[in-house]
Amino acid sequence: MFAGLGLEGKAEAVYWEMLKHPEADVEQVAERLGLGTQEIRDCLDELGRLLLIRPSWDAPGEVRAVDPEVGLASLLARQEADLLREQERISANRTALQQVIAEFQHTKQGRHDPDVERLTNIDSIRFKIEALAAKCSSEILGFVPAGAQSAANLEASRPLDSAVLDRNVRMRTIYLESIVNDRPTMDYARWLVESGAEVRTAAVLPPRMVIYDRKTAIVPLDPETTRAGAMLLHSTGVVSALCDLFEQVWKASMPLDAAVAEQEEELTAQEAAILQLLADGHTDDTIARKLGVSVRTSRRITAKLTAQLGAKSRFQAGVLATSRGWVR
């Protein structure tokens, strides 16, 4: 009944027994409760610590239970005082933390451009993403141009995405269409949709990018390798331009389920993208990288399209696709 006050179990039973039978000694209380005398003495020690018993004036050497209206009220008052001291300690720690953060930010701004922060390793990038996700209050926008995602990336993203969506933050993400061929990534994208996020796909995407609350953006230092690091951008003009880019790609992309259904059509968006890249003269390696697929997959699709067009070369395939209006 009074576990929240620190009184529970055997000690609570002994206390109530002493209230009901004030004259009972240790042996009598033990007999009534079916406990050993040492257990009763341990409980009396606990009750004494809680100030719920006091020495008897009538029977020196014995103790009596303090009236609950006095004893339990006093116990509650002590807990309230402890809680107040803890709140004051937490408040002081919060103030100290804010001072440390302010000093850290001031130090960084003194060394660097306040609108650009360079993140040089994976740890610093992930720590920054965690911090931004925790502070985000309205919207997250993102490009995921790497195609199939590694198990480590999916595992690291799930708790962050879950926490953001639980706060009703709007999340819009655009993946490469090639994720329909990777079960783990596709399952994750579907989980995002079921959790309240909006997910679309596109055959080709700009470099990876995440925008938080339309105020801060993270972009790679080198789109070809994530290990090169990233840049954190705060400039209003730059972030606004990136938001406009996202909206343009979002309008041209398709919902997740539509990307799956499109695989059954005569010419998918992925195939159209490959034809466009062929017409623009890109190599197999470049095409594979832009679409987030392997070079083998890129060559297989290219061979299929070349045969479908009746072309004798990659260049001719691009020309024929252009003449048929399949690409620009």
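## Terms and basis of the model

Helices (H or I, at least four residues) and strands (E, at least two) are taken here as DSSP runs, numbered from the N terminus. The model is a predicted one, in which local features need pLDDT of at least 70 and side-chain atom pairs count only at pLDDT 80 or more, while totals for chains, interfaces and linings use all residues. Residues are numbered from 1 along each chain as its sequence is written, and side-chain values use heavy atoms, with hydrogens and water left out.

Helix H6 covers residues 151-166, and its 16 residues should span 22 Å at 1.5 Å a residue, which agrees with the 23 Å between its end C-alpha atoms; the expected span is 1.5 Å times one less than the number of residues. At Ser157, shortly before the proline Pro159, H6 has a kink of about 30 degrees, where the bend is the angle between axes fitted to the seven residues ending at a residue and the seven starting there. Just after H6, Asn168 adopts a positive phi of about 65 degrees.

Leu154, Asp161, Val164 and Leu165 of H6 are buried, a term that means under 20% relative accessible area, as against exposed at over 50% and partly exposed in between (1.4 Å probe, protein chains only). The cover over the buried residues of H6 includes helix H5 (122-135), strand S4 (139-144), strand S5 (170-176) and helix H7 (183-194), with contact meaning heavy atoms within 4.5 Å.

## Aromatic pairs

Rings of Phe, Tyr and Trp (its six-membered ring) pair if their centres lie within 6.5 Å, and planes under 30 degrees apart count as stacked, over 60 as edge-to-face and the rest as tilted. By this rule there are 3 aromatic pairs. The ring centres of Tyr188 and Trp191 are 5.3 Å apart and their planes stand at 45 degrees, so this pair is tilted.

Tyr188 and Trp191 lie 3 residues apart in helix H7, and are therefore separated by about one helical turn; both Tyr188 and Trp191 are buried. Elsewhere, Phe143, Phe246 and Trp250 form one aromatic cluster.

## Asp284 and the cysteines

Asp284 belongs to helix H11 (residues 284-291) and counts as buried because its relative accessibility is 16%. Beyond its neighbours within four places in sequence, Asp284 is in contact with Val295, Ser298, Arg299, Thr302 and Arg314.

The structure holds 0 disulfides, a disulfide being a pair of cysteine sulfur atoms within 2.5 Å. Cys43 counts as buried at 7% relative accessibility, and Cys243 is buried with a relative accessible area of 3%.
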